[in-house]
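Hi there,

Here is the structure I promised to pass on to you. Have a look at it first, and then read my notes below.

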Amino acid sequence: MAIAIASVPVLKGAAADRFEKQMMESESRRGSVDFTKSIENARRILVKAEFI
């Protein structure tokens, strides 16, 4: 016997508006991560291990 697939919930009205506003705010606050120090440390390890 097959199992019924649950329907995907859809936001409507005020809930949809609130969700979209929060999504836009989150995207605008998105930060970036600087991996410069990690890359330099990895490079030093590889040089010391004579992989580079």
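**Charges and overall form**

In this predicted model, the protein has 9 positive and 7 negative charges, and their mean positions lie 4 Å apart.

The secondary structure comes to 2 helices and 0 strands. The radius of gyration is 24 Å, well over the 10 Å that the globule rule gives for 52 residues, so the protein is more spread out than a compact globule. Along the principal axes, the C-alpha atoms fill a box of roughly 60 × 40 × 10 Å.

How much of the protein counts as buried? Of its 52 residues, 0% do. The accessible surface is about 5600 Å², and carbon and sulfur atoms account for 60% of that area.

Most residues other than glycine have a negative phi. E50 is not a glycine, yet its phi is positive, at about 60°. You will find E50 in the segment after α2 (36-48). With a relative accessible area of 68%, E50 is exposed, because that value is over the 50% cut-off.

Happy exploring!

Terms used: Residues numbered from 1 in each chain as written. Predicted model: local features only at pLDDT ≥ 70, side-chain atom pairs only at ≥ 80, totals over all residues. Heavy atoms only, no water. Helix = DSSP H or I, 4+ residues; strand = E, 2+ residues; numbered from the N terminus. Buried < 20%, exposed > 50% of the residue type's maximum accessible area, 1.4 Å probe, protein only. Rg over C-alpha atoms; globule rule 2.2 N^0.38 Å. Areas by Shrake-Rupley, 256 points an atom, 1.4 Å probe, with all protein chains shown as cover. Lys, Arg positive; Asp, Glu negative; His and termini not counted. Charge placed at Lys NZ, Arg CZ, Asp CG, Glu CD.
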